[in-house]
Amino acid sequence: AHPNIVDLKGRSPLMRAAEYGHIQALELLAKYKADPLLKDIQGKDVLFYCLSAPTNRHSQCMKIVLSI
């Protein structure tokens with residue numbers, strides 16, 4: 001599957017993984033060159049989704065995304 005495919009709302013797999021704090025999925029998507037600069041139809045990027053919840057997992061997601 002293509003790591004930059006988007007759903008009807010323009011959200012990429014990277015955004016969805018960040019939204020739910022799925023660290024392993026983020027690492028895998030980063031490995032396969034998912035684009036962290038994509039924005040959904042509301043103009044939100046993956047960093048927005050990393051900040052969507054104040055959890056340790058979301059903090060780790062932010063670190064992963066910033067390293068891409």
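User: What does Arg11 touch, not counting residues up to four places away in sequence?

Analyst: Happy to start there! Arg11 touches Ile5, Val6, Arg16, Asp40 and Tyr49 once residues up to four places away in sequence are left out; contact means heavy atoms within 4.5 Å. This is a predicted model, where local features need pLDDT of at least 70, side-chain atom pairs count only at pLDDT 80 or more, and totals for chains, interfaces and linings use all residues. Residues are numbered from 1 along each chain as its sequence is written, and side-chain values use heavy atoms, with hydrogens and water left out.

User: Why is Arg11 called buried?

Analyst: Buried means under 20% relative accessible area, exposed over 50%, and partly exposed in between (1.4 Å probe, protein chains only). Arg11 has 18%, so the word is buried.

User: And why is Asp40 called buried?

Analyst: Its relative accessible area is 7%, which is under 20%, so Asp40 is buried too. Asp40 touches Lys9, Gly10, Arg11, Met15 and Tyr49, again leaving out residues up to four places away in sequence.

User: What makes Phe48 and Tyr49 an aromatic pair, and why edge-to-face?

Analyst: Rings of Phe, Tyr and Trp (its six-membered ring) pair if their centres lie within 6.5 Å; planes under 30 degrees apart count as stacked, over 60 as edge-to-face and the rest as tilted. Here the centres are 5.4 Å apart and the planes are at 90°, so this is an edge-to-face pair.
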